[in-house]
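I opened the model to take a few notes. I wanted to read the chains one by one and write down what I looked up.

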Amino acid sequence: MDKAINKEKIEHLAGLARIRISSGEEEKLTRDAENIIAYFDELRLVDTEGVEPMIGGTDKFNGVGEDSRDEELLMDGSSAFPRSRDGFLEVPTVMKGNKSDL
Amino acid sequence: MDTKDLTIAKVKEGILGGDFSAKEIAAEYVSTAKSKNPELNAYISILEESVFDAAADIDRKVASGETVGALAGVPMAIKDNILIKGEKCTAGSKILSDYEAAYNATVITKLKEAGAIIIGKANMDEFAMGSSTENSAFGPVKNPIDIERVPGGSSGGSAAAVAADMALAALGSDTGGSIRQPAAFCGVVGMKPTYGKISRFGVMAMASSLDQIGSFGKTVRDAEAVYGVIKGKDKRDSTSSDEPESFLNLGDMSSVTIGLPDEYFVPGTLDADTETAIGETIKDFERSGAKIKKVSLPHSKYALACYYIIMFAEVSTNLARFDGIRYSRHSDLKTDDLLDIYLSTKGEGFGDEVKRRIILGTFVLSSGYYDAYYAKAQKVRKLIKNDFAEAFKDVDVLLTPVSPTVPFKLGEKTEDPMAMYMSDIFTVPINLAGVPAISIPVAGREGKLPVGFQLIGKHWHDSDLFGLGSYYEGL
């Protein structure tokens, strides 16, 4: 049977999650993942025919607020960004090419 | 000043009665925190400057006859995944080692209004992922009762700080036992309220459908006093609620029925110390007149697998935001390539356990596996919740152990993630169901390793747990 997890899949998943992992980490992760997923497979034994999934932590409906500005929350959020310059947040260039082309 | 026997009520009484000042109390706790921290590592940072400003403010109010809040002068430790404006907030992670919070969590605003004095930010497993506080980028926390043992986790710093008189009370967060298990391991009280009872605004999300902020104290009444200040609906957390609470009639213990779920007492699951201590606790309640009744929570054995699937999935989405563009950037990174920034920031900034959970969360949500794991777990979660609802038709509360063992040794489980996950076996079902639960130290274990018992209540019946817990302490 095709194993749910192997080294190539761990590499692929790490890529999707945008995490760079070393080959040593990859081996340990694969071993641990095999054990953990084998444990998850126990859920197959549970009969869930006709059971509605529980979504979220509460049965309560989502609260709806007024569509207004929360004045108290107006803040300088620059501390949530590692770089800023002249009052602007600095992020890397995402569009390549000459500035004159833009 | 001897702080060992202080409680929140005594602090308030002493400050108002002029026996001592808020400044004297604060100085005492800061001094203990500073002298014990090199060994215990309970705090990531001690906020010495703001401590004395806040204490002076309380003393000024008392001197001028102004009213002070419910927690006036109470020295507290705050888990380092809860934001305090202008202070560093690391969540125990290297990726946030330089991050400074831009706003206050709702619970912090409420604590400050009530006069609490925040001594420091408590150490924790990275992003609250762990059961021993050995996964912190700032080093492990040691158990004040036996420094060769773990304090439990992930709120190990909060529990250790209270146990070692480095704070009188503390806040933690509990996603699968992260308040209750460290409370049990350190011999203090820890409360995980009903999901929705406390605003999560300003706590770093780990698994949003399971996370809940709660309190630690040396006594049930202290944990309740903190809970009383932080509870309630908050417009900034749409899952929070002001659902009315109800109370058991504790004047007549014979009207109280305590359930013992069979699945939590399977022979061979508990170590000898825990088994004896929990057995004695049941007898104590029985002698007080309460009815004891066996119940069944038939899906309990699937709770741990169900919990880890749902939590991994939510972790993988919640932690995507730590991408190097926001919050942090590796300082010596020489690239301006976007993908390279993502890969390097996360690869170098996250620890092993965090990577493991994000990658496995990505797996259970991925096409081809989603239905078999994530969707299946959501259905099993419903069955687990239904089990509790069924049991609560016959009983008022449930009594169980918190952990199958007494505190284990540092390093004992760090190499085997499955062994570590197993220590959460009695605490995760509560978060899946969203019900409240409190961990209370079993009495009479002076000189021995602590054991905690857990009282689990119906949704929004948090007060029942404080009432019954406090009754036990008075026996």
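**Entry 1: chain A.** I looked up burial in chain A. Of its 102 residues, 16% are buried. This is a predicted model, and I read it as such. I then listed the secondary structure: chain A has two helices and two strands. Along the sequence I read the pattern α-α-β-β. The C-alpha atoms of chain A fill roughly 60 × 45 × 25 Å.

**Entry 2: confidence.** I looked at the scores before going on to chain B. The model has an ipTM of 0.91 and a pTM of 0.96. For chain B the pLDDT averages 96. In chain B, 99% of the residues score at least 70.

**Entry 3: the sheet in chain B.** I traced the strand order. Eleven strands of chain B make an open sheet, ordered 1-3-2-4-6-5-10-11-9-7-8, with mixed pairing. Which strands sit at the edges? I found strand 1 (43-46) and strand 8 (291-295) of chain B there, each pairing on one side only. I noted the twist as well: it averages 25 degrees from one strand to the next.

I followed one pairing in detail. Strand 7 of chain B, residues 257-261, pairs with strand 8 of chain B in the parallel sense, over five bridges. Within this pair I found Gly259(B) opposite Lys293(B) of strand 8.

**Entry 4: a helix on the sheet.** I turned to helix 7 of chain B, residues 220-230, which packs on the sheet. I listed the strands of chain B that helix 7 touches: strand 4 (169-173), strand 5 (189-192), strand 6 (213-217) and strand 10 (437-441). I also noted an angle. The direction of helix 7 makes about 145 degrees with that of strand 6 of chain B.

**Entry 5: Leu111(B).** I picked Leu111(B), which lies in helix 4 of chain B, residues 106-113. Is Leu111(B) buried or exposed? I counted 27 other C-beta atoms within 10 Å; burial takes 20 or more, so Leu111(B) is buried. I then looked up its contacts, leaving aside neighbours within four places in sequence. Leu111(B) is in contact with Leu71(B), Met76(B), Ala116(B), Val229(B) and Ile230(B). I took one of these further. Met76(B) is 35 residues from Leu111(B) along the chain, and their C-alpha atoms are 9.4 Å apart.

Terms used
Residues numbered from 1 in each chain as written. Chains lettered and ligands numbered in written order. Predicted model: local features only at pLDDT ≥ 70, side-chain atom pairs only at ≥ 80, totals over all residues. Pairing = 2+ DSSP bridges. Helix = DSSP H or I, 4+ residues; strand = E, 2+ residues; numbered from the N terminus. Axes fitted to C-alpha atoms, helices over the stretch in contact; angles between N-to-C directions. Contact = placed C-beta atoms within 7 Å. Buried ≥ 20, exposed ≤ 12 C-beta atoms within 10 Å, placed from the backbone. pLDDT = per-residue confidence, 0-100.
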